[in-house]
Amino acid sequence: MPDLEITRPGAVLACDPPSAGTPITVVAHGMSSSREAMDGDGVFDWSPVGEDGRGLVRYDARGHGRSTGGTDPVDFTWTWLAEDLLAVIETVSPDGPVDVIGMSMGTASALYAALRAPDRIRRLVLAIPPTAWDTRASHVAGYRDGADIVDEAGIDAFLAAAAEQPQPPILETLQRRPYTADVRAECFAALLRGAADSDLPDPAELTRVTHPTLLLPWDTDPGHPVSTAERLADALPNATLQIARTPDEVRGWGRDAARFLTQA
């Protein structure tokens, strides 16, 4: 089935056509991933959420997968990506709220979207929240260095350097494929700089996000530390924290999310 195309300032987002099921759950992937990359990775399988008459909609973030994008880092900041998510929600479910699953960068999009338009979201599932606040500085430097490598030597040089970095134990045991990036080459440096200029919302603001929220961190990954999820659990008034320490627990997240989203 052809993609639904959603026109945004500076981008056209490629999205699954809206499903007939209700309520709809929208999935926002992580940085450098895409719908196709998630299918090939074999780590994140949210298909159980779309069973039993429920709708499941995935889209490629701007510059990723089959979505287009520009070269301005501002367009890839997490607050701007939240506006893209809200545009997807408005397109696929104009008459009612949706559930949102976010992973890493998609977690940020989901949180900012919930702050800006709380009535458009019913429940949240936030997987592998990224570095934030006091743990973010070293990763910001890495994003900026990576953008410089892309500008000076190209995306293949960046991917080669990334492949030399040790994998967190949780990823090694998941047998995840080597790091790749399903990102348009002309967008990659801007994507990294946009991430460097971004952070999660201030915890004081997050007290306004009262949606039922399931937090799904995995351990041993400094790019997605459990400490971020723990602080989110403290800040969000209606959050449940579930830490995965084994590959089987991660592979069960689709079923866990489905159960959470079907609770009364």
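Author: What follows goes through the salt bridges and then sets them within the whole chain.

This is a predicted model, in which local features need pLDDT of at least 70 and side-chain atom pairs count only at pLDDT 80 or more, while totals for chains, interfaces and linings use all residues. Residues are numbered from 1 along each chain as its sequence is written, and side-chain values use heavy atoms, with hydrogens and water left out.

The structure holds 22 salt bridges, a salt bridge being a side-chain nitrogen of Lys or Arg within 4 Å of a carboxyl oxygen of Asp or Glu. One of them joins Glu90 to Arg120, with 3.2 Å between the closest N and O atoms. This pair links distant parts of the chain, 30 residues apart, since Glu90 lies in helix α2 (residues 78-92) and Arg120 in the loop between α3 (105-116) and β6 (121-127); helices (H or I, at least four residues) and strands (E, at least two) are DSSP runs, numbered from the N terminus. Glu90 is partly exposed, with a relative accessible area of 42%, whereas Arg120 counts as buried at 12%. In these terms buried means under 20% relative accessible area, exposed over 50%, and partly exposed in between, with a 1.4 Å probe and protein chains only.

Asp151 forms a salt bridge with Arg193, and here the closest N and O atoms are 2.8 Å apart. That pair, too, links distant parts of the chain, with Asp151 in helix α4 (residues 137-153) and Arg193 in helix α7 (residues 188-196), 42 residues apart. Arg193 counts as partly exposed, at 25% relative accessibility.

The side chains of Glu205 and Arg208 also meet in a salt bridge, at 3.9 Å from N to O, and Glu205 is partly exposed at 35% relative accessibility.

Of its 264 residues, 55% count as buried, and its C-alpha atoms fill a box of roughly 50 × 40 × 35 Å along the principal axes.
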